[in-house]
Each structure stands twice: as structure tokens, then as C-alpha cells.
Amino acid sequence: MAKTKQVTKAELKRIDHIVANYQGDRWGLIPLLQEIQEVVGYIPPEAIPRIASGLRLFPSQVQGVISFYSQLYTAPRGKNIVRVCRGTACHVRGGKTILKLVKQHLGIEEGETTPDMEYTLETVPCIGVCALAPNIVVNRDTYGHMNPKKVARLFSKENKV
Ligand code: FES
């Protein structure tokens with residue numbers, strides 16, 4: 001199970017500083033959220049009431065916008081983002097097994113981050129290189145024709161991505 005990181009006082013201070021720059025600017029919500037994510041790495045749930053009060057919005061409105069945009073995260077993400085393709089071509093060529101193996105190697109489920117903050121695991125629809133199925137993307141690199149050996153090699157301690 002992924003560990004939940006607590007927001008630090010220093011991070012909250014930085015968040016307050018960012019919010020102060022958008023005081024009362026309801027239309028600044030998205031750039032403000034992006035800025036917080038850029039600085040802190042994610043949008044801590046503790047930031048939501050602070051943002052809402054700064055922009056004179058309801059916390060539920062802030063939460064609604066965060067939930068709507070898949071690029072905004074309310075939990076910290078790992079240094080490496082691992083995306084296993086769930087598209088049809090990858091699925092028929094063993095993508096399900098590859099996903100299972102990646103989960104086993106990392107010890108986490110989809111949407112979770114390893115306790116050492118090294119990896120976050122996600123699944124994605126077709127990434128457009130079906131000829132190489134099954135595929136895994138780690139950060140910006142695509143690893144095609146995945147098989148159990150390649151998965152083991154990719155996530156072995158000696159071969160940190
Ligand atoms: S289905 Fe995986 S790349 Fe297309």
C-alpha cells in the first residue's frame with residue numbers, strides 16, 4: 001500500500017505565498033493550481049481551503065476543478081512515472097500479465113506510488129505504437145515487446161530507471 005506523505009509547514013507556507021498572488025482572482029484558479037503543483041509536486045488536500053478562501057470560492061468548487069483535470073494531482077507522485085498500456089493490441093499480446101508483473105515488482109497497485117517515492121504506476125489507453133505491443137512507458141521512454149524477463153530487468157535494483 002502506498003504511503004501517504006504529509007504536507008510540510010514549509011510547503012504550506014509556499015502555497016500561502018502563491019495563493020496571495022491570486023487573491024480574489026477567481027479566474028486564476030487553474031494557473032494557481034498549476035503553480036502549486038509545479039512548486040510542491042502535487043496539490044495537498046490541506047491546500048484546498050486555503051485556495052478557496054484566497055479566491056473567494058467554495059472548497060467544493062476548487063475540489064471540482066482538481067477532479068476534472070487529470071493533470072492535477074492531490075497526492076505526491078514518484079520520481080518515475082510508469083505507464084502500462086491497456087490498449088487492445090497490448091491487451092491481446094499479454095498486457096494484462098505485464099501489468100500484473102509490474103505491480104508485483106513495484107509492490108503497488110495502479111494509481112499508487114512506492115514508499116521510497118521512486119515510482120508511480122498508471123495505466124493508459126493506446127499510446128500509438130501498437131506494433132511494439134505490449135508496451136510500457138517510463139517517463140518519456142517507451143519499452144516495447146515487453147515480456148517477464150524485460151520487466152524484471154527494467155525494475156531490477158541495479159538497473160534503476
Ligand atoms: S494498444 Fe498499446 S500501443 Fe496501441
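The model is predicted, so local features need pLDDT of at least 70 and side-chain atom pairs count only at pLDDT 80 or more, while totals for chains, interfaces and linings use all residues. Residues are numbered from 1 along each chain as its sequence is written, and side-chain values use heavy atoms, with hydrogens and water left out.

Begin with the open sheet of 4 strands, whose order is 2-1-3-4 with mixed pairing. Strands (E, at least two residues) and helices (H or I, at least four) are DSSP runs numbered from the N terminus; two strands pair if DSSP finds at least two bridges between them. Select 119-124 and 141-143 next: these are the edge strands, strand 2 and strand 4, each pairing on one side only.

Now select residues 136-138, strand 3, which is joined to strand 4 by 3 bridges and runs antiparallel to it. Here Ile136 stands opposite Tyr143 of strand 4.

**The helix.** Select residues 88-106. This is helix 5, which lies across strand 1 (80-85), strand 2 and strand 3, at about 150° to strand 1. Angles run from 0 to 180 degrees between N-to-C directions, with axes fitted to C-alpha atoms, for helices over the stretch in contact.

**Glu122.** Return to strand 2 and select Glu122. Glu122 counts as buried because its relative accessibility is 17%, where buried means under 20% relative accessible area (1.4 Å probe, protein chains only). Among the residues that Glu122 touches are Tyr73, Ile81 and Val84, contact being heavy atoms within 4.5 Å.

Technical notes:
Buried means under 20% relative accessible area, exposed over 50%, partly exposed in between (1.4 Å probe, protein chains only). Lists of a residue's contacts leave out its neighbours within four places in sequence.
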